[in-house]
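Dear colleague,

Please find below the structure for your review. My findings follow it, arranged by topic.

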Amino acid sequence: MNEFTYFANEIRALFGSGTRKQLSDEIAFLGACRAMVITSSNSRETIKQIIVELGDLCITHFNGAEMHTPIDVTQKALSLAKEHKIDCLVAIGGGSATGLAKAIALRTDLPQIILPTTYAGSELTPIIGETENGLKSTQSNKKVLAETVIYDTDLTVSLPVMQSVTSAINAMAHAVEALYAEHENPIISAHAEQAIITFYNTLPKICLNPQDITARTDALYACFLSGLCLGSVGMALHHKLCHSLGGGFGLPHAATHCVVLPHVIQFNAHVRPELNQLGNRLHSSSLGFAIFELIRACNGPTSLQEIGMKETDLDTAASLTMSNSYYNPRSATYDDIRELLQNAYSGIAPDACLI
Ligand code: NAD
């Protein structure tokens, strides 16, 4: 075994069915008593119930979290938090609600409790991406790390099938890139492999029956593992590409990950053959093809075209990706990136690509 450095963030995590019932105790555990609940505008019945159960602990509810954490939304939520003298943030939702809690924590150092309802994985990372004037910038700061994450499997059951597919592939992408990250290590790689295999086996079951609580539990556990990967080791070309496409062209976050991942895996497998050995364990010729086929079988998006990308923007997207340096196990030229984007745009199977 090669020499390695292992790093872990300090986070308290509660996992299981019904764990949301422990939210009030967790607020008290933080020594807080004036919580602001943060959600997206699409507030579901379960979220309303959680707010009712919090009683006087919930001082206010901000339900305007948006994808890519726009700074003007953060300013509004921040004013509300100050007005109500909030001492704790409770985000319930996907990466958008989590992102807003992180953005407020960045500016106030308020403690956060996150209840994830998608598989985005943001709840375990010190990373925050924010958007202003159409430009997305990302930073890593320990201030945005949540104090507590409550993984309640029941909260994920309502996630529509298509969002479950794209969100799971978003999480899988964290695990895949951890396998060849700059700070890769065998402990995180073990989590990553387990997450990839679990999602691979579970996603078709969720598509067949979204109420399958065993499959939902397995998927949320795989999401937990993927979040650990994202929070511990750096990411690479795939995340850089998705960041350029999401921030630069407003493409939906999780769906973009879904389309791009098989192509980046195929590209990097040239220098990391163990990726394809993992694909073989999934009974496929390559990991890129295994994931592409999984997405296709689950009726997920396989082309940038179908998620709203314009072909005329591919040159700009390639330039944007080249504009800032990033780690990747295989160096990529402008032409490589442009070709990869063209393949992803057209939705051709990754094993048919030559780069
Ligand atoms: P999202 O949070 O925007 O959720 C998408 C929609 O699904 C919303 O309308 C939401 O209300 C709804 N939804 C969420 N859970 C649901 C459920 N269980 N049932 C029914 N509807 C539900 O989408 P996302 O993909 O989870 O998050 C995307 C955002 O997260 C992006 O801004 C991305 O940049 C960020 N992100 C950040 C990190 C990080 O480490 N910083 C990691 C991953 C994603």
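I begin with a loop residue: K85 is found in the loop between α3 (71-83) and β4 (88-93). Helices (H or I, at least four residues) and strands (E, at least two) are DSSP runs, numbered from the N terminus. Please note that this is a predicted model, in which local features need pLDDT of at least 70 and side-chain atom pairs count only at pLDDT 80 or more, while totals for chains, interfaces and linings use all residues. Residues are numbered from 1 along each chain as its sequence is written, and side-chain values use heavy atoms, with hydrogens and water left out.

**Positive phi angles**

K85 has a phi near 50 degrees, a positive value in a residue other than glycine. Most residues other than glycine have a negative phi. K85 counts as exposed because its relative accessibility is 63%; the classes are buried (under 20% relative accessible area), exposed (over 50%) and partly exposed (in between), with a 1.4 Å probe and protein chains only. N299, also not a glycine, has a positive phi of about 60 degrees. N299 is placed in the loop between α11 (287-297) and α12 (314-323), and with 62% relative accessibility it counts as exposed.

**The ligand and its surroundings**

The ligand is surrounded by 23 residues, the closest being H68, S96, T117, T125 and Q163. A residue is near a molecule if one of its heavy atoms lies within 4 Å of it. By type, this shell divides into seven nonpolar, 13 polar and three charged residues. Here Ala, Val, Leu, Ile, Met, Phe, Trp, Tyr, Cys and Pro count as nonpolar, Asp, Glu, Lys and Arg as charged, and the others, Gly among them, as polar.

Helix α4 (residues 95-108) gives the most to the shell, with three residues.

A backbone N or O atom of H68 is 2.7 Å from a ligand oxygen atom, and a backbone N or O atom of L155 is 3.0 Å from a ligand nitrogen atom. A polar side-chain atom of T125 lies 2.7 Å from an oxygen atom of the ligand. The ligand taken alone exposes 880 Å², of which the protein buries 87%; these accessible areas come from the Shrake-Rupley method with a 1.4 Å probe, and for residues only the protein chains shown count as cover.

T125 itself lies in the loop between β5 and β6 and is buried, with a relative accessible area of 2%. Its side chain forms a polar contact of 2.8 Å with the side chain of K102. The T125 side chain also reaches the backbone nitrogen of I127 at 3.2 Å.

**Aromatic pairs**

Rings of Phe, Tyr and Trp (its six-membered ring) pair if their centres lie within 6.5 Å; planes under 30 degrees apart count as stacked, over 60 as edge-to-face and the rest as tilted. By this rule there are six aromatic pairs. F15 and Y151 form a tilted pair, 6.0 Å centre to centre with 45 degrees between the planes. This pair links distant parts of the chain, 136 residues apart: F15 is in strand β1 (residues 12-16) and Y151 in strand β8 (residues 148-152). F15 counts as partly exposed at 31% relative accessibility, whereas Y151 counts as buried at 0%.

Y119 and F199 form an edge-to-face pair, 5.9 Å centre to centre with 65 degrees between the planes. Y119 counts as buried at 0% relative accessibility, and F199 is buried with a relative accessible area of 1%. Ring pairs also link F15, Y151, Y221 and F224 into a cluster.

**Buried helix residues**

C223 is found in helix α7 (residues 213-232) and counts as buried at 0% relative accessibility. The C-alpha atoms of C223 and A171, 52 residues apart along the chain, are separated by 5.9 Å. M172 lies in helix α5 (residues 161-178) and counts as buried at 0% relative accessibility.

With kind regards

Conventions
A polar contact is a pair of N or O atoms within 3.5 Å; within protein, one must be able to donate a hydrogen and the other to accept it, and residues adjacent in sequence count only if both atoms are side-chain atoms.
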